[in-house]
Amino acid sequence: MVVPIEDQEPIGAVLMDAPAEDGTSTQMDSATPSLATRPETSPLAEAWGLPQKGGPAPQRLTHIRPRRGWAAIDAGELWQHRELLSFFVWRDLKVRYKQTLLGATWAVLQPFATMIVFTIFFGRLAGMPSDGVPYPLFSFTSLLVWTYFAGALTQASQSVVNNQATVSKIYFPRLLLPVSATLPGLLDLTIAFVMLPVMLLYFGRSPGWHIALAPLFVLLAWSVALGAGLWLAAINVRFRDVRHLVPFLVQFWLFASPVVFAVSLVPTRWQPLYALNPLVGALEGFRWSVLSTGTFPWSAVGLSLIVAAGLLTSGLYFFRHQERVFADVS
Amino acid sequence: MPGTALQVEGLGKSYRIGAAAPTRRSLSEALGDSFKAPLRRLRAGIGGGLTRAEPFWALRDATFAVSAGQVVGVIGRNGAGKTTLLRLLSRITDPTEGQARINGRVASLLEVGTGFHPELTGRENIFFNGAILGMTRREIQSKFDQIVAFADIGPFLDTPIKRYSSGMQVRLAFAVAAHLEPEILLVDEVLAVGDAGFQKKCLGKMQGASRSGRTVLFVSHNLAAVQHLCSRCLLLDRGRLLVDGSVAAAVSAYLDLLREEAPSAVVDCRGRAQKSTTDAARITRLKLCDAHGRPTTRIAFGADFNAEVVLQVSRPVHDLSVGLGVNSLDGVRLFTSESRATQPLERIEPGSAVFRLEWKELVLRPGLYSLDLGHNSDAGSEFLPGVVQLEILDATDHNSRAVIDRRPGVVLNTMPWSVALGPGTLHQGAQTCA
C-alpha cells in the first residue's frame, strides 16, 4: 500500500518518536531525537503544559542562606503543606493494616488483651489500687491513652530515620514527619474507644457529661508524645542509639505513669510533684472524664499541662535547630 | 514573566570529614577510652559534629543568575558539586555560606519515585508521590488520566506497586514527575535510569518544559542531552564554577578536563606482545592525539585524531606493514587498517620508524573501543592485543558539525534513500531500479 508522504509525519518523527509513546520500545538505542528530525511541536511537550491556568499564581520568593542559631517555627509554611501532612497520615493509615487478617480489629485487641494481662497480674496478684473502679475498667481506660502514647512516641522517634531517603531527595517542612507519625494512632484510639461504653455498661456504670472532655486529655497525651518524639527523632538522625533506647524508655515510662495503678499509690507528699511526668495529668484527666472518678484533678492536670507545653516547645525548637543536618547525616 | 528566576551569590557548602581517632598507646588507655568514649561521643555530637575535622567544600563561591525561561545545563565530573548545587537550591540542605534567591515555584527531581511505598497501589502512589513533589490534590486529580496513560500501567493501577516490574515502577514514577508544573524545575541525572525508551521519553519531556517557557536547571553527564536541550551551561569542577557560558564553551572545557584525567595516551608497548615470531622489529610505543596534537584517549564524537606507532628495527626487514585493529568491547573486530595499503615499504633499515595513522572520516559511535596493534614483514610478525582503550565521547567538539546519529546499528552510514510515490510515478529526484 502506498501512502502519500505528505499525510504522514516526517519520517524521522515516526522513527524517533512513535515508539517512545508506549515506552516499550527497545528498538532504539537513542536517547534523543536527532536534531534534523526534531518535530516542531511534540505531543510530549503538552504534558508539561503551560504554567497553571486560573489566574496568575502568586509569586513565591525563596531566600536560601545559611541558618545560624535557633530557627523560628514557620507556621505559614506548615499551613501551606497541610495537604502533604494529610497525605502522610493517609499513607500510614493505608499501609498500617495491609496484608493483615484482623485489620483494624487490632486497634481494640491490643489494649483489650493487655487489660486482661494487667488485671490478672497487677489487679489480682499485686492488688494495685484503682480508685475504687473495677480494675479491668480502670486499666482499659488507662491503656487507651497509654497504647496511643507509646505508639505515637515510638513512631515519631523513628519518623525522620524511616523517611531518610525522602528527606535527602525532596524538600518539605521536616516537622511534617514527626507530626504525621503521631496522628494515625488517633484513629486506633477512636476505634478502641468504642469499646468503652460496652465495658462501662458491663460494670454497671454510665458515663457522665465529662466524657465529652476526653479528647482534651488525649490532646495532652499527644503533645507529650510529640514533644518527646521531636527530641528523639532529631537525636536519632545522628545517634541511632535512640532506636535501642526508645523501647526501654517506653517501658520505663509505663511504670513511671499511673497506668497500672492509681495515683493514690504514690506517697501523698510526692503527689503534687508526680505530675511533673506529664502523662500523669493526661491519664488522671482522661480517667476523670470517662469514669467520673470524684473531683477534677486540677493540680495534676495543670502541672502536666505546663510540663507538656515546655516539652513540646523545646522539642519543636530543638528539631528545627537540628533539621538542617538531616539530609547530610543520612 | 521576564526577570531573574534564580540569583545565586557566593553559594557554598562544606562538609566535615571525621578525622581518624588518635592511636592509643596502651591497653589500659584503650580500656579507659572505651569507658570515656560514649561521653566524648555525646559531647562531640552536641557540639555539632564528629571529632575535630577538616572541612571539605563540596561547592564554593558559586555565583550566577538565571533569567526566567532559560534552560541551563550543569555539567562536571563526579564530585564536582553538581548535585550539591541542586540540593542547596531545592532546600534539601542548608548552605554553609552565600545565598540564593529563587523567584517562583520550585520543583526538584533528584530521583524518580521518591516516597513510593511498595504496599500502596499505583493509584495511591500517584497521589502520594505527586503530593510529596509539591502538587496539590486537585492538580493530581486533573492530571490523573494523563499520568496513567503516560505510565502505561493500565490494568495494574490498583495493584500494590511491590508487584510491579522495576520498569513499571520507573515508568510510573517518571509519569508523575513529568506532570509537575513548576515555574522552576531542578533536574538531576534522572535520565540515567531506565531503558533507552524511557530516557528518550524523559528528554521529550525536558524539551517540552523548555519550550513552554519554564526555567530549568539540568544536571547531567549526558553531554548530548545537554547540548540538545540547553541554551547555556555551567561547568563545575571540584566545587568551583569553572565556566558559565555557552554550551559549546562549557562542553569544550569539560572535554579538556576529561582529557586531563584520561588514561595515558602514550602507551609503552615493550613487552606487551602476545604473539611474536621475530625480534627484528619491535613496536615500542603507541600515542593517540587529538586533531590539535594533544595526547588523549578520549575523542569527541566525529573528531579527527591520530595514532602514532613507534617501531624499533634492529636489522633490515622487507615489506613491513603496521596494522591497527579496532574492536568493540565485546570483542568484535570492527575494522583493521594496515600501513601497507597506502604506504608499501620495500625495505627498512635499522633504527626507529614512526607510523602515523590519520583517523579521518571514519566515525565511531560513542563508546569504548579497544585497539590491537601488530606488524608483519618477511622476518615475522608481532601482535599486541588490547594495548589501549579508546573512548569516543557522547559529545561533539564545539567546532564539529557532526550530529550524533543515535539510530541503532554497529556501523554508521550516510547512504541516500530514494522514494517513489504512487504506482508508476516518480518522485522528484528519485530513481527506480529497473
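This is a predicted model: local features need pLDDT of at least 70, side-chain atom pairs count only at pLDDT 80 or more; totals for chains, interfaces and linings use all residues.
## Two domains in chain B

The C-alpha centres of domain 1 and domain 2 of chain B sit 43 Å apart. As for where the bounds fall, domain 1 of chain B covers 4-17 + 53-259, and domain 2 of chain B covers 266-396.

## Where the domains touch

How many residues of each domain are in contact? On the domain 1 side of chain B there are 8, and they meet 7 residues from domain 2 of chain B. The largest share comes from α8(B), with 4 residues.

And what is that side made of, by class? The domain 1 residues touching domain 2 of chain B split into 5 nonpolar, 2 polar and 1 charged.

## A helix pair: α3 and α4

Now for some helix packing in chain B. Helix α3 (residues 122-132) of chain B and helix α4 (residues 137-151) of chain B have axes that come within 11 Å and cross at roughly 125 degrees. The crossing of α3(B) past α4(B) is right-handed.

Which residues make the contact? From α3(B) come Ile126(B), Phe127(B) and Gly130(B), while α4(B) brings Ile140(B), Phe144(B) and Ile147(B). Sorted by class, this contact between α3(B) and α4(B) has 5 nonpolar residues, 1 polar residue and no charged ones.

Methods. Residues are numbered from 1 along each chain as its sequence is written. Chains are lettered from A and ligands numbered from 1 in the order in which they are written. Axes are lines fitted to C-alpha atoms, for helices over the stretch in contact, and angles run from 0 to 180 degrees between N-to-C directions. Helices (H or I, at least four residues) and strands (E, at least two) are DSSP runs, numbered from the N terminus. A crossing is left-handed if the near helix is turned anticlockwise from the far one by less than a right angle, and right-handed if clockwise. Two residues are in contact if their C-beta atoms, placed from the backbone, lie within 7 Å. Ala, Val, Leu, Ile, Met, Phe, Trp, Tyr, Cys and Pro count as nonpolar, Asp, Glu, Lys and Arg as charged, and the others, Gly among them, as polar. Domain bounds come from an automatic or database domain assignment.
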